Amino acid sequence: MGVINVTPDSFSDGGAFLDPRAAIAHGEALVADGADILDIGGESTRPGAEPVSDREEQRRVLPVISGLRDRGTPISVDTRRAATMTAAVEAGAAIINDVSALSYHEDSLGVAASLNVPVILMHARGDPRTMQDNPQYDDVVLDVYDYLAARVEAAVAAGIARDRIIVDPGIGFGKTLSQNLALLDGIGIFHGLGCPVMLGASRKSFIGKITGEARATARLPGSLGVAVLARLQGVQIFRVHDVAETVQALGVAQALLSGAETTD
């Protein structure tokens with residue numbers, strides 16, 4: 001899943017693709033690099049980010065979705081807002097990716113069910129503005145697992161088919177460095193939810209804390225290390241900024257998993 005941030009303030013590439021033409025060109029480049037899904041978001045959810053209105057979010061994302069809808073690659077809309085979910089699917093989005101696991105708006109579950117598209121349910125502790133203010137868990141892996149299990153059941157009860165649900169443990173969303181590492185170390189447990197597992201760890205600050213690299217755009221090596229280790233635990237979907245490099249790294253990991261023979 002290739003990331004397209006149509007925002008002025010995302011942590012990694014804020015402002016680079018705010019112009020719809022730049023965002024569409026970037027999406028085409030990500031597809032050429034091997035992206036299977038394009039994830040388009042119009043609101044930054046980095047730590048400390050301020051919310052935007054429904055209208056502003058849609059003004060940012062809808063032209064990009066419309067511009068990429070006929071390129072043959074499924075589009076995911078990264079939004080917490082029910083109104084934007086509806087507008088995005090009408091514009092051509094085929095997946096809803098909600099960092100609030102369909103809990104931000106009281107009607108999100110019903111709206112997502114009525115749209116009849118796959119949904120990604122992510123764990124986050126609190127609002128982006130405050131989520132990094134001393135997050136506490138009894139056991140971060142089990143607590144996140146239990147939360148996602150409850151959200152999966154809520155989605156099913158609302159009418160979303162279980163085979164259309166994807167789960168994401170939410171690396172960096174209300175977690176300390178040690179909590180992020182515990183989740184990555186135990187990410188295989190989330191297969192117990194019976195849904196595909198997605199990981200969004202690309203360029204995130206925990207990599208910088210480990211390596212001392214302050215520049216998000218310089219965290220590719222660390223991002224690849226995380227992706228390969230997660231693939232070895234069976235993670236199926238990777239939300240990344242650097243598609244070509246990740247495709248190559250995961251291809252090698254997959255060859256190791258399958259025991260494929262290589263030739264010179």
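## Contacts and overall form

Two residues are in contact when heavy atoms of theirs lie within 4.5 Å. On that basis, 67% of the contacts in the protein chain with a separation of 6 or more are accounted for by residues 24 or more positions apart. The structure under discussion is a predicted model.

The protein chain contains nine helices and eight strands. Its radius of gyration is 17 Å, close to the 18 Å that the globule rule gives for 264 residues, so the chain is as compact as a globular protein of that length. Taken along the principal axes, the box filled by the C-alpha atoms is roughly 50 × 45 × 35 Å.

## Surface, burial and charge

Of the 264 residues, 52% count as buried. The accessible surface of the protein chain is about 11,400 Å², and carbon and sulfur atoms contribute 52% of that area.

As for charge, the protein chain carries 22 positive and 33 negative side chains. The centres of these two sets are 4 Å apart.

Strand E3 spans residues 75–78 and is covered on both faces. Ile75 and Val77 are buried on one side, while Ser76 and Asp78 are buried on the other.

E3 is paired with two strands, E2 and E4. Strand E2 (residues 38–41) runs parallel to E3 and is joined to E3 by four bridges; within this pairing, Ile40 stands opposite Val77. Strand E4 (residues 95–98) also runs parallel to E3, with three bridges between them. Asn97 in E4 is the bridge partner of Asp78.

## Thr84 in helix H3

Thr84 belongs to helix H3, which covers residues 82–91. The relative accessible area of Thr84 is 0%, and the residue is therefore buried, the cut-off being under 20%.

When neighbours within four places in sequence are left aside, Thr84 is in contact with Asp54, Glu57, Gln58, Val61, Val77 and Thr79. One of these, Val77, is a buried residue of strand E3 and stands opposite Ile40.

Ala101 has a positive phi of about 55 degrees although it is not a glycine. For Leu102, likewise not a glycine, phi is positive at about 60 degrees.

Both residues are buried: Ala101 has a relative accessibility of 0%, and Leu102 has a relative accessible area of 2%.

Ile187 is situated in the loop between helix H6 (177–185) and strand E7 (198–199). With a relative accessible area of 0%, Ile187 is buried.

Residues up to four places away in sequence not being counted, Ile187 touches Pro169, Val197, Leu199, Gln233 and Val235. Among them, Leu199 falls within strand E7. Relative to Val77, Ile187 is 110 residues away in sequence, and the C-alpha to C-alpha distance between the two is 24 Å. Val77 is itself buried, on one side of strand E3.

Definitions and conventions. Residues numbered from 1 in each chain as written. Predicted model: local features only at pLDDT ≥ 70, side-chain atom pairs only at ≥ 80, totals over all residues. Heavy atoms only, no water. Rg over C-alpha atoms; globule rule 2.2 N^0.38 Å. Buried < 20%, exposed > 50% of the residue type's maximum accessible area, 1.4 Å probe, protein only. Areas by Shrake-Rupley, 256 points an atom, 1.4 Å probe, with all protein chains shown as cover. Lys, Arg positive; Asp, Glu negative; His and termini not counted. Charge placed at Lys NZ, Arg CZ, Asp CG, Glu CD. Pairing = 2+ DSSP bridges.
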